[in-house]
Amino acid sequence: MNVPRLFHFTSFLREFPAWPRWGLRKQQLSLPSIPLFQAARRRNHLDLLSLDEAELKEQFVRGDGPGGQATNKTNNCVVLKHIPSGIVVKCHQTRSVEKNRKIAREILQEKVDLFYKGEDSDVFKEKKALEKKKQEKKRRAKENLERKKLFKEMQQLDKK
């Protein structure tokens, strides 16, 4: 690489202040602060039991499902086993081993919490609340459908 050309390019960028100065210095993208991330993911608010790495047995196996050669030749599926409880979690949601490890630990943490705390678990309470909300939404949709049918029947009778 020719040094004078590089110098010429940077001096060229200095002449135009409208240009972003990415050529002169690196800019780091600022991410939102940690509390915003925690607000976005409700799991972080839950009071879950912590996992001890000594109690975990981790394996990397080949994943299954669609994906062809990318799936069949790579060992990026994570199988985590919590030895004291015997709970096994298999995670192959992404192509990255590190992301799969993190996701598998989150899932295992929720399952272990549910296993030991039972109905007192925050995971159980959250699932019940979501189920109740879903049933309420279903009930309202059914009522609206019945109202629409009655309204159409009334219109039919008015026309006759």
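Predicted model: local features only at pLDDT ≥ 70, side-chain atom pairs only at ≥ 80, totals over all residues.
I started at Asp 47: leaving aside its neighbours within four places in sequence, Asp 47 is in contact with Asp 113, Lys 117 and Asp 122 (contact means heavy atoms within 4.5 Å). Residues are numbered from 1 along each chain as its sequence is written, and side-chain values use heavy atoms, with hydrogens and water left out.

Next I looked up the distance to one of those partners. Asp 47 and Asp 113 lie 66 residues apart in sequence and 8.9 Å apart in space, C-alpha to C-alpha.

Where does Asp 47 sit? I found Asp 47 in the loop between helix H2 (34–40) and S1; helices (H or I, at least four residues) and strands (E, at least two) are DSSP runs, numbered from the N terminus.

Is Asp 47 buried or exposed? Asp 47 has a relative accessible area of 53%, so it counts as exposed (buried is under 20% relative accessible area, exposed over 50%, partly exposed in between, with a 1.4 Å probe and protein chains only).

Then I moved on to the sheet. It is open, has three strands in the order S1-S2-S3, and its pairing is antiparallel (two strands pair if DSSP finds at least two bridges between them). S1 and S3 are the edge strands, each pairing on one side only. On average, neighbouring strands are turned by 15 degrees against each other, direction ignored; axes are lines fitted to C-alpha atoms, for helices over the stretch in contact, and angles run from 0 to 180 degrees between N-to-C directions.

Helix H4 (residues 97–117) packs on this sheet and touches S1, S2 and S3, and its direction makes about 150 degrees with that of S3.

S1 (residues 56–61) and S2 pair over six bridges; among the partners in S2, Leu 56 has His 82 and Lys 57 has Lys 81. Five bridges join S2 to S3 (residues 87–91), and there Lys 81 has Val 88 as its partner in S3.
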